[in-house]
Amino acid sequence: SAHRYVVQQRLKRPGAWWTPDNAEAMLALRLVRANGQWSAYWRSDLKQVA
């Protein structure tokens, strides 16, 4: 049930509004961080941009 609480706290902040695509992208980044893959994700992302 913690995943529901964390997601709702993040998405239901005052003044916040999310499209489904933006919400999914934000949640994906939170998962990357929670799984300890933050640095690897950004290294990979930067290679795709270059």
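**Figure 1. A nonpolar surface patch made by Trp38, Tyr41 and Trp42.** Patches are made of residues with over 30% relative accessible area and no salt bridge, like charges being joined within 9 Å and nonpolar side chains (Val, Leu, Ile, Met, Phe, Trp, Tyr) within 5 Å; a salt bridge is a side-chain nitrogen of Lys or Arg within 4 Å of a carboxyl oxygen of Asp or Glu. Trp38 belongs to helix 3, residues 38-49. Helices (H or I, at least four residues) and strands (E, at least two) are DSSP runs, numbered from the N terminus. Trp38 counts as partly exposed because its relative accessible area is 37%; buried means under 20%, exposed over 50%, and partly exposed in between, with a 1.4 Å probe and protein chains only.

A word on conventions: residues are numbered from 1 along each chain as its sequence is written, and side-chain values use heavy atoms, with hydrogens and water left out. As this is a predicted model, local features need pLDDT of at least 70 and side-chain atom pairs count only at pLDDT 80 or more, while totals for chains, interfaces and linings use all residues.

**Figure 2. Met26 and its partners.** Met26 sits in helix 2 and is buried, because its relative accessible area is 11%. Setting aside residues up to four places away in sequence, Met26 touches Arg10, Leu11 and Trp18 (contact means heavy atoms within 4.5 Å). Between the C-alpha atoms of Met26 and Trp38, twelve residues apart along the chain, there are 13 Å.

**Figure 3. Trp18 in the loop between helix 1 and helix 2.** Helix 1 covers residues 2-11. What does Trp18 contact beyond its neighbours within four places in sequence? The partners are Arg10, Leu11, Ala23 and Met26. Trp18 is partly exposed, because its relative accessible area is 35%.

**Figure 4. Helix 2 and the glycine that follows.** Helix 2 spans residues 20-34, and its 15 residues reach 21 Å from first C-alpha to last, close to the 21 Å expected at 1.5 Å a residue (the expected span is 1.5 Å times one less than the number of residues). Ala23, Met26 and Val32 are buried in this helix. After helix 2 comes Gly36, with a positive phi near 75 degrees.

**Figure 5. Arg43 on helix 3.** Arg43 is exposed, because its relative accessible area is 52%. The C-alpha atoms of Arg43 and Val32 are 13 Å apart, with the two residues eleven places from each other along the chain.

**Figure 6. The whole chain, for orientation.** Three helices and zero strands make up the element list, in the order α-α-α from the N terminus. The C-alpha trace spans about 35 × 20 × 15 Å along its principal axes. Of the 50 residues, 6% count as buried. The protein exposes about 4,600 Å², with carbon and sulfur atoms supplying 56% of it.

Methods: Areas by Shrake-Rupley, 256 points an atom, 1.4 Å probe, with all protein chains shown as cover.
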